[in-house]
Amino acid sequence: MPGRLQHKAALITGAGSGIGLESSLLFASEGANVLLIDVNVQAAEKVQKLIAERYPNVKSAAIKADVSKESDIKAAVDKAVELFGRLDVMFNNAGIMHPEDDNALNTEERIWDLTMNINLKGVWWGCKYAILAMRNNPTDASKGLHTGGSIINTASFVAIMGAATPQLAYTASKGAVLAMTRELAMVHAREGIRLNSICPGPLKTPLLMDFLNTTEKRERRMVHLPMGRFGEAIEIAQGALFLASDESSYITGTDFAVDGGLSSCYVTAT
Ligand code: NAD
């Protein structure tokens, strides 16, 4: 059985942990050549080693890049094209949730700027250089390859829901990711470039679990989760795989929720 991303090339940001780690392994298992980028390059290199061991038929590499720096993202996209000859999938996934991110009164400007630079500007750079590369993708009908590609931007359930446990900069950055992705999806629809946001619910990854570091904090959220549990990073990776593959060929501009029903919830079951 050919993999769902056979012959395709993917670049995944924040590939060293959580959603990025699981997506890197999953995309490679489906036949994609993958370039993993992370500021924590050691973490990305560990994931790349696993890929090389488990999936020797795919090409993979890991490089250090800070998504908030335009030159890093340009270099990473250039590297993917150099290694794989094309870029079919860009997963702009890296993001931070800063412990000092708070409400309108307490959040410092430096925290706001840092969060926006990584969570929003980083996604813009990723879209910009992926679009430029995808326009030049050669078509090879025998391998199911075509010009264009799929860009997936990680937003969050907090982009569409309010929370009385505020992280103002984070929430604002993720709302902007949704708006930006929708607009880019319309601009590039006729070039065969699809752009979708993925909106994870609260997950058992370091990003959230480091923040919810007491039972009380976790229970405060748990009561609102329709399925009575936090999500797993692999469950988001599976959603991203669908958006990355040609199975979602008529889907662009969506806010794709993988949130265990949270954004549809008024009252949870007992
Ligand atoms: P994680 O902390 O487990 O992994 C994030 C990775 O991104 C880390 O490896 C980190 O080193 C990397 N990273 C951070 N800043 C970077 C930068 N400037 N450049 C390159 N890499 C950088 O987080 P996760 O839970 O896997 O989150 C991934 C994405 O999902 C984030 O955008 C996050 O906001 C979003 N999200 C997470 C949750 C959740 O509950 N975990 C919920 C909704 C949305």
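The mean pLDDT of the protein chain is 97, and 100% of its residues reach 70 or more; pLDDT is the predictor's confidence in each residue, on a scale from 0 to 100. The structure is a predicted model, in which local features need pLDDT of at least 70 and side-chain atom pairs count only at pLDDT 80 or more, while totals for chains, interfaces and linings use all residues. Residues are numbered from 1 along each chain as its sequence is written. For the complex, the predictor gives an ipTM of 0.99 and a pTM of 0.98.

The sheet is described here in terms of DSSP runs, namely helices (H or I, at least four residues) and strands (E, at least two), numbered from the N terminus. An open sheet is formed by 7 strands with parallel pairing, in the order β3-β2-β1-β4-β5-β6-β7; two strands are taken to pair if DSSP finds at least two bridges between them. Strands β3 (60-64) and β7 (255-258) each have a single partner strand and stand at the edges, so one side of each is left without a neighbour in the sheet. On average, neighbouring strands of this sheet are turned by 20° against each other, direction ignored. Such angles run from 0 to 180 degrees between N-to-C directions, and the axes are lines fitted to C-alpha atoms, for helices over the stretch in contact.

Strand β4 (residues 89-92) runs parallel to β1 (residues 9-13) and is joined to β1 by 3 bridges. Within this pairing, Leu11 stands opposite Met90, and Phe91 is the bridge partner of Ile12. Strand β4 also pairs with β5 in the parallel sense, over 4 bridges, and here Asn92 has Asn153 as its bridge partner. A residue is buried if 20 or more other C-beta atoms lie within 10 Å of its own, exposed if 12 or fewer, and partly exposed in between, with C-beta atoms placed from the backbone.

Helix α4 (residues 109-135) lies across β1, β4, β5 (149-154) and β6 (193-200), and runs at about 175° to β4. Helix α5 (residues 168-188) lies across β5, β6 and β7, at about 160° to β6. Two residues are in contact if their C-beta atoms, placed from the backbone, lie within 7 Å.

Two individual residues were also examined. Leu26, in helix α1, is buried because 20 other C-beta atoms lie within 10 Å. Apart from neighbours within four places in sequence, Leu26 is in contact with Ala237, Gln238 and Leu241. Phe256, in strand β7, is partly exposed, with 19 other C-beta atoms within 10 Å. Its contacts, again leaving aside neighbours within four places in sequence, are Asn196, Ser197, Ile198, Cys199, Gly239 and Leu243.
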